[in-house]
Amino acid sequence: MTGRVFVIGGPNLGRLGKRQPEIYGDTSWSELESLCRGWAADLGLELEFLQSDLEGELVRMIHGAGDGAEGLILNAAAYTHTSVAIRDAVAAVDIPVVEIHLTNPDARESFRRKNLLADVVTAGIRGFGIDGYRLALVGIAALLRAGHAGNGKINPG
Ligand code: DQA
């Protein structure tokens, strides 16, 4: 086990901290990176922390995770609700993928209830804010320790 995990953020997450802080909080993307690096180190994981506003770039990053990592934590942001290309990229990689959202999209505008990723990811975390990333890292570390390879669903214990 290499413990290498990619954290990928989609459009507008680079503006975290400045962007609608009443919804997304005041932690910046680079502060989130530092927090994640600390949590990952405690869990014995090695992180690649990436963000892009561009759909095609995100597709390539997801492929990169599939080729070079054992797990992926993905906040596809608005593309969650619109992008067949990102859905197909997730379905095309054979590693566990945890979908994460800071907010709970189902409790917001109705257009956020459409989710093109939910049935191609391994698991999901939503609505815990920044702490959701810690939970996602704990979840991925547990999956990897249990020898869960591939983007299959977890067998309920
Ligand atoms: C988000 C939720 C999405 O609906 C939204 O488009 C985002 C952020 C979240 O983390 O809560 O940009 O993914």
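Colleague: What makes the largest nonpolar core a core, and which residues have the most contacts inside it?

Modeller: A nonpolar core is a set of buried nonpolar residues joined through side-chain atoms within 4.5 Å. The largest such set in this predicted model has 26 residues. Leu-16, Leu-32, Cys-36, Leu-47, Ile-73 and Tyr-133 have the most contacts inside it. At least two residues each come from β1 (4-9), α2 (29-43), β2 (46-51), β4 (97-101) and α5 (131-145). The largest share, 6 residues, is from α5.

Colleague: What does Ile-73 touch, leaving out residues up to four places away in sequence?

Modeller: Its partners are Val-5, Phe-6, Val-7, Ile-8, Val-98, Ile-100, Tyr-133, Ala-136, Leu-137 and Ile-140. Apart from this core lies another, of 21 residues, including Ile-86, Val-90, Leu-117 and Val-121.

Colleague: Why are the buried residues of α4 said to be on the same side of the helix?

Modeller: Helix α4 spans residues 84-91, and its Ile-86, Ala-89 and Val-90 are buried. They cover an arc of only 100° around the axis, so they fall on the same side of α4. The buried residues of α4 pack against α3 (55-68), β3 (71-75) and β4.

Colleague: What caps the N-terminal end of α4?

Modeller: Ser-83 does: one of its side-chain oxygens lies 3.4 Å from the backbone nitrogen of Ala-85. The cut-off for a polar contact is 3.5 Å, so the 3.4 Å pair falls within it.

Colleague: Why is Thr-103 called buried?

Modeller: Its relative accessible area is 14%. Buried means under 20%, so Thr-103 qualifies. Thr-103 is in the loop between β4 and β5 (123-126).

Colleague: Which side chain makes a polar contact with the side chain of Thr-103?

Modeller: That of Arg-108, at 3.0 Å. Beyond its neighbours within four places in sequence, Thr-103 is in contact with Ile-23, Tyr-24, Arg-108, Arg-126 and Gly-127.

Colleague: Which residues surround the ligand?

Modeller: Arg-19, Tyr-24, Asn-75, Ala-77, Ala-78, His-81, His-101, Leu-102, Thr-103, Arg-108 and Arg-112.

How values were computed:
Residues numbered from 1 in each chain as written. Predicted model: local features only at pLDDT ≥ 70, side-chain atom pairs only at ≥ 80, totals over all residues. Heavy atoms only, no water. Buried < 20%, exposed > 50% of the residue type's maximum accessible area, 1.4 Å probe, protein only. Helix = DSSP H or I, 4+ residues; strand = E, 2+ residues; numbered from the N terminus. Contact = heavy atoms within 4.5 Å. Near = heavy atom within 4 Å. Arc of directions from axis to C-beta. Polar contact = N/O pair within 3.5 Å; in protein donor to acceptor, adjacent residues only side chain to side chain.
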